[in-house]
Amino acid sequence: MLTDITTISRMMDETLDYLRDDAQSETVTRIDLPSFLKTICFDLADMGHDVAYVGPGRLSYECRPRALSRAITNIVGNAVKFAGKVSVALAEDETGQIEIEIAENGPGIPESIRDRVFDPFFKADNARTSINKGFGLGLSIAREVVQRHGGAIELNSNDPTGLRVVMTMPAVGAVSSKSSKRQCA
């Protein structure tokens, strides 16, 4: 009974967070995006996951940090549940547009349902539910946060196996970067 109560409580908390509009009311703040991403990687690496950051050493960016952290943590959290190795890459193109790519070597998501996994409470595989106890809100929340930042999110195959989640964010807020590689694990 306690397990059921805990599960229901988690589901209600996650649902309320999803429905709450505090992500939009959060103040836009300038952050160092590589440090931000490395922190997410380090936290998961400290828990024993093989997570690496690759990208510039510094890149100043304006965003809603709590909301963006939740979106990226949801995606990277899903990746470590289903894959042995995860890479978080940050790049800036010549126009200043930001791309955050989370690539993993797990089973991936069939192309036929990739659009549906962004629907609230949709789960790609019922077998995964019993193991990982998700509620099907992580990708919905991530997409909403990225869109509120003026960006887009897409799912692609990571050949030969796995999934690549690509978040493209507008140049607004980006300042500059210097290329370097850093490993979080």
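**Entry: confidence**

I checked the confidence before reading any detail. The pLDDT of the chain averages 80, and 76% of the residues score at least 70. I marked two stretches with caution. Over residues 126–132 the pLDDT stays under 50, and the model has 8 contacts there beyond four places in sequence. Over residues 175–185 the pLDDT also stays under 50, with 38 contacts beyond four places in sequence. Where pLDDT is low, the predicted coordinates should not be read in detail.

**Entry: overall make-up**

I counted 6 helices and 8 strands in the chain. Along the sequence they follow the pattern α-α-β-α-β-β-α-β-β-α-α-β-β-β. I then looked up the contacts between residues at least 6 apart in sequence, and 70% of them join residues at least 24 apart. The accessible surface comes to about 10,000 Å², of which carbon and sulfur atoms hold 52%.

I traced an open sheet of 5 strands in the order 2-4-5-7-6, with mixed pairing. Which strands stand at the edges? They are strand 2 (50–54) and strand 6 (152–157); each has a single partner strand, so one side of each is left without a neighbour in the sheet. On average, neighbouring strands of this sheet are turned by 15° against each other, direction ignored.

Strand 4 (residues 85–92) and strand 5 (residues 98–104) run antiparallel and are joined by 7 bridges. In this pairing, valine 86 stands opposite glutamate 104 of strand 5.

**Entry: helices on the sheet**

I found that helix 4 (residues 65–82) packs on the sheet and touches strand 2, strand 4, strand 5, strand 6 and strand 7 (163–169). The direction of helix 4 makes about 25° with that of strand 5. Helix 6 (residues 138–148) packs on the sheet as well, touching strand 6 and strand 7, and its direction makes about 130° with that of strand 6.

I listed the buried residues of helix 6 as Gly138, Leu139, Ser140, Ile141, Ala142, Val145 and Val146. An α-helix has 3.6 residues a turn, so residues three or four places apart point the same way. Just after helix 6, I recorded a positive phi of about 85° at glycine 150.

**Entry: leucine 155**

I selected leucine 155, which is found in strand 6. Is leucine 155 buried or exposed? Leucine 155 counts as buried, because its relative accessibility of 9% lies under the 20% limit. Not counting residues up to four places away in sequence, leucine 155 touches Ile109, Arg114, Val117, Phe118, Leu163, Arg164 and Val165. I also looked up the separation of leucine 155 from alanine 103: they lie 52 residues apart along the chain, and their C-alpha atoms are separated by 9.8 Å.

**Entry: cysteines**

How many disulfides does the count give? I found 0 disulfides, the rule being a pair of cysteine sulfur atoms within 2.5 Å. I then checked the burial of two cysteines. Cysteine 41 has a relative accessible area of 0% and is therefore buried. Cysteine 63, with a relative accessible area of 1%, is buried too.

Terms used: Residues are numbered from 1 along each chain as its sequence is written. This is a predicted model: local features need pLDDT of at least 70, side-chain atom pairs count only at pLDDT 80 or more; totals for chains, interfaces and linings use all residues. Side-chain values use heavy atoms; hydrogens and water are left out. Buried means under 20% relative accessible area, exposed over 50%, partly exposed in between (1.4 Å probe, protein chains only). Helices (H or I, at least four residues) and strands (E, at least two) are DSSP runs, numbered from the N terminus. Contact means heavy atoms within 4.5 Å. Accessible areas come from the Shrake-Rupley method with a 1.4 Å probe; for residues, only the protein chains shown count as cover. Two strands pair if DSSP finds at least two bridges between them. Axes are lines fitted to C-alpha atoms, for helices over the stretch in contact, and angles run from 0 to 180 degrees between N-to-C directions. pLDDT is the predictor's confidence in each residue, from 0 to 100.
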